[in-house]
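User: Got a model here that I'd like to go through with you. Can we start with the helix geometry?

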Amino acid sequence: MIITNEKIQLPILHLVGEEADRMQVECYVIGGWVRDLMLHRPSKDIDIVCVGSGVALAEAVAKRLGKHTHLAVFKTYGTAQVKKDDIELEFVGARRESYTSNSRNPHVEGGTLQDDQNRRDFTINALAICINSNHYGELLDPFGGLQDLEECTIRTPLDPDITFSDDPLRMMRGIRFSSQLGFYLHSETFDAICRNKERINIITKERIADELNKIMLSRRPSVGWKLLDKTGLLPLIFPELAALKGVETKDGKGHKDVFFHTLQVLDNLSLHSDNLWLRWAALLHDIGKPRSKQWEPPVGWTFHNHNYIGAKMVPRIFKKMKLPLNEKMDYIVKMVDLHMRPINLIEDSVTDSAVRRLLFEAGDDIEDLMLLCEADITSKNEEKVQRYHSNYQLVRQKMRDIEEKDRIRNFQPPVKGEEIMQLLHLEPSQLVGDLKSAIKDAILDGIIPNEHDAAKDYLMHLAKQKGLQV
């Protein structure tokens, strides 16, 4: 079969093919770029395999491309990377692999194109297109990958038990592709993941986190998380999320399944935001519910302070899963902690102070918080859903009114610590911090306006109360 898609006529591919012809080696574009070409999906990284030295071919291509070309050689793996402008090529020599039971790092030796296709994880990633001039555009599909693309199926080229036992990360990759592409796991592939799930324990947390992030960025992340659950991988890689599953009933009263509710929230949010860390906040927003669940007659099941408990859990989860322990994590902690607050602002009796405090604590992330809260509406009762959405519109209006009047978001007390020390002849101390906090609270509570003179007068009032020298 000859591929005539205009994308295969890229000048860079013809250039690589010409260099391969000059070196008298077979050369193919293979893997994800070919798969995405067939699916009409955008794809930047191009993987090149040649029956010979991939590094030598990369060096020849880099030389041909000339100035401003970046060549990186990875001798340990026998691979090389060529970058120029927006072009990125990965080169490798065709190879065969063998594995030991305690590592996903294979023993590698040179091989044929067929050997290289045999080692690929899935049939849809084993498609290869020749770019040598005498066979340019010829598709090599030994495992029926093209048909699997048409049937939206994820299937391994060889025995799935061997494929997943050799490199257990492929189990995560299969689920990730299913989530990204909207494909089905072939029944034999699915069953093999279930049988080999314990092998995931030899994979580093960093590799697993990378696959989870890719699942999180797919159009419907719930697909990936449900497959992780159904295959039995979820309790092994994320037991806190698995703990959300199930419904407990007492005296005829049950609570909703928090796991499936969480995935619905995640999908709802993903329709409106591609922010990876806000999506993580959606996944973790109710993570504290199992630890806070209590039966309280006659009310039924309660989850008091689950937001606070969940926020405390996030750093431990991120540390264990090798997710970033930086401002991204802090952002998620804030979202989880605050996600119950906006709904409490719908009553007419809610004070301006409560609105000011939420604006202050959320800062520039207030819109993200509102998106999360609106995604948290998962009722099947349309009237109830509409009522909640209307209530959130009222909350947004209250926040706009307060923000316009008081300019509270991200504000700092107009009297700084240095000025407090100068006015009251104080050295740096806890007292200075306490006075500054008192001014901030007075502004948030509406006792004084967010203005310098009013804050200074209030400081002097506090100083006299404390018997400080003015």
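User: What span should the 13 residues of helix H1 (residues 11-23) have at 1.5 Å a residue?
Analyst: They should span 18 Å, and the end C-alpha atoms are 19 Å apart, which agrees. The expected span is 1.5 Å times one less than the number of residues; helices are DSSP runs of H or I, at least four residues, and strands are runs of E, at least two, numbered from the N terminus. This is a predicted model, where local features need pLDDT of at least 70, side-chain atom pairs count only at pLDDT 80 or more, and totals for chains, interfaces and linings use all residues. Residues are numbered from 1 along each chain as its sequence is written, and side-chain values use heavy atoms, with hydrogens and water left out.

User: Which residues of H1 are buried?
Analyst: Ile12, Leu13, Leu15, Val16, Gly17, Glu19 and Ala20. Buried means under 20% relative accessible area, exposed over 50%, partly exposed in between (1.4 Å probe, protein chains only).

User: What follows H1?
Analyst: Gln24, with a positive phi near 60°.

User: Switching to strands. How many residues of S4 (residues 79-84) are buried?
Analyst: 5 of its 6.

User: How many bridges join S3 (residues 70-74) to S4?
Analyst: 5, and the two strands run antiparallel. Strands pair if DSSP finds at least two bridges between them. Val73 stands opposite Ala80 in S4.

User: And what about the turn between S3 and S4?
Analyst: These strands form a hairpin with 4 residues between them, and Gly78 in the turn has a positive phi of about 65°.

User: How many bridges from S4 to S5?
Analyst: 6, also antiparallel. Lys83 has Glu88 in S5 as its bridge partner.
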